[in-house]
Amino acid sequence: MTNPVLVEVLRGGIVESAHRGAVAVFDGDGKPVWEIGDTAKPVFPRSAVKAIQALPLVETGTADAYGFGDRELALACASHSGEPAHVELAQAMLAKAGLDKSALECGAHWPSSHDATIALARADGSPNALHNNCSGKHSGFLCTCVHSGIAHQGYVKAGHVQQEMVRDAMQSVTGAAHDVDHCAVDGCSIPTYAVPLKSFALGFARMATGRGFGPERAKAAKRLLSACMGEPFLVAGTGKADVALMQAAPGRIFVKTGAEGVYCAAVPELGLGIALKCDDGAGRAAEVMIAAVLAKLLGADEALAANLLQQANPPIESRIGAKVGSLRPTPSLS
């Protein structure tokens with residue numbers, strides 16, 4: 001199946017580029033509500049599933065043992081921009097378990113926040129693992145290991161107890177096998193598994209509704225999504241699309257981006273989960289796609305839908321700030 005064009009890029013009034021993709025919207029019972037394109041094709045979700053990967057942090061009692069609230073749980077689900085608040089909170093999480101940045105095995109990179117990178121460079125600093133966009137997730141992994149009495153060295157490797165807990169959670173929540181034949185390595189060194197796109201939509205519908213979960217997992221899932229919706233800045237950072245989308249309807253929309261044009265989302269009041277993939281991996285197109293999907297699903301709230309549609313039609317500006325084009329969703333998304 002060739003996926004349809006879902007986003008167009010205009011310069012002036014002429015389409016300059018086009019992005020194909022697929023979208024899956026499911027309810028917690030596994031019923032498809034809206035599907036576009038090939039939603040059965042396996043995709044790597046990358047960072048879009050961090051809220052599911054964080055379930056062991058809550059379910060093992062680690063979060064409660066270390067007094068983690070919404071801020072820490074949001075950071076454990078984050079792809080943050082390396083701003084000081086992100087770095088300091090990850091460091092504080094590790095300290096609760098008696099660890100420091102040297103325990104992190106995610107690698108280092110400069111903050112994705114331009115301002116944070118400039119400030120660090122001006123101070124003659126260099127990035128460390130705390131600046132890695134996944135340091136909150138990895139801090140959660142490490143805390144879980146320490147609280148559970150698991151040796152944390154090599155916690156990123158497939159087969160380590162920590163990653164087996166994550167894999168078990170992913171399989172249970174999505175209903176899809178996460179096996180060695182579909183396993184690769186994510187940018188932060190943990191395993192990532194390619195499974196059908198629609199499985200992630202089902203998974204986030206279950207996270208939002210608790211359908212098919214026991215009471216403890218349902219409680220943990222709700223707690224994690226609520227933390228992210230309550231602390232969107234910690235999930236992403238200044239100027240990020242995830243923050244703008246969740247702030248458009250506080251407590252009503254959960255969204256999480258992943259690398260290579262993936263988005264997962266949940267709308268708890270509708271009991272729906274969403275997963276989408278921009279075929280060419282373009283993040284800007286994936287942002288248009290998720291905003292347009294949310295606008296359609298929440299169309300009964302006219303003011304919110306208008307806000308979301310505005311986000312789904314971002315301008316393209318010249319170097320002097322003049323509007324010279326835009327991105328727009330195609331009719332397939334309306």
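How do the residues of the lining of the largest cavity divide into nonpolar, polar and charged?

Analyst: The model is a predicted one. In the lining of the largest cavity, 6 residues are nonpolar, 4 are polar and 3 are charged. This cavity has a volume of about 100 Å³. It is lined by 13 residues, and those closest to its centre are Q53, M170, P191, T192 and Y193. Two elements, helix 8 (161–174) and strand 6 (191–193), each supply at least two residues of that lining. Helix 8 gives the most, with 4 residues.

The structure holds 2 cavities of 30 Å³ or more. The second largest cavity has a volume of about 50 Å³. Its lining consists of K50, Q53, A54, P56, L57, A76, K137, G140, F141, T144 and Q162. Two or more of these residues come from each of helix 1 (50–53), helix 2 (55–59) and helix 7 (135–148). The most is given by helix 7, with 4 residues. By class, the lining of the second largest cavity divides into 5 nonpolar, 4 polar and 2 charged residues.

The open spaces follow. The largest pocket contains about 470 Å³ of space. Its lining comprises 29 residues, and S79, N133, T257, G258 and A259 lie nearest its centre. Helix 12 (241–248), strand 8 (254–258) and helix 13 (283–297) each supply at least two residues of this lining. The classes represented there are 8 nonpolar, 14 polar and 7 charged residues.

In the second largest pocket, the space amounts to about 170 Å³. The residues that line this pocket are G239, K240, A241, A244, L245, R284, E287, V288, Q311, P314 and L327. Helix 12 and helix 13 each supply at least two residues of the lining here, and both helices likewise supply at least two residues each to the lining of the largest pocket. The lining of the second largest pocket has 6 nonpolar, 2 polar and 3 charged residues.

Definitions and conventions. Residues are numbered from 1 along each chain as its sequence is written. This is a predicted model: local features need pLDDT of at least 70, side-chain atom pairs count only at pLDDT 80 or more; totals for chains, interfaces and linings use all residues. Side-chain values use heavy atoms; hydrogens and water are left out. On a 1 Å grid over the protein atoms alone, a cavity is a set of points where a 1.4 Å probe fits but cannot get out, and a pocket is an open set with protein on both sides within 12 Å along at least five of seven lines; lining residues have an atom within 4 Å of a point. Grid points are joined across faces, edges and corners, and a volume is the space filled by probe spheres set on the points. Ala, Val, Leu, Ile, Met, Phe, Trp, Tyr, Cys and Pro count as nonpolar, Asp, Glu, Lys and Arg as charged, and the others, Gly among them, as polar.
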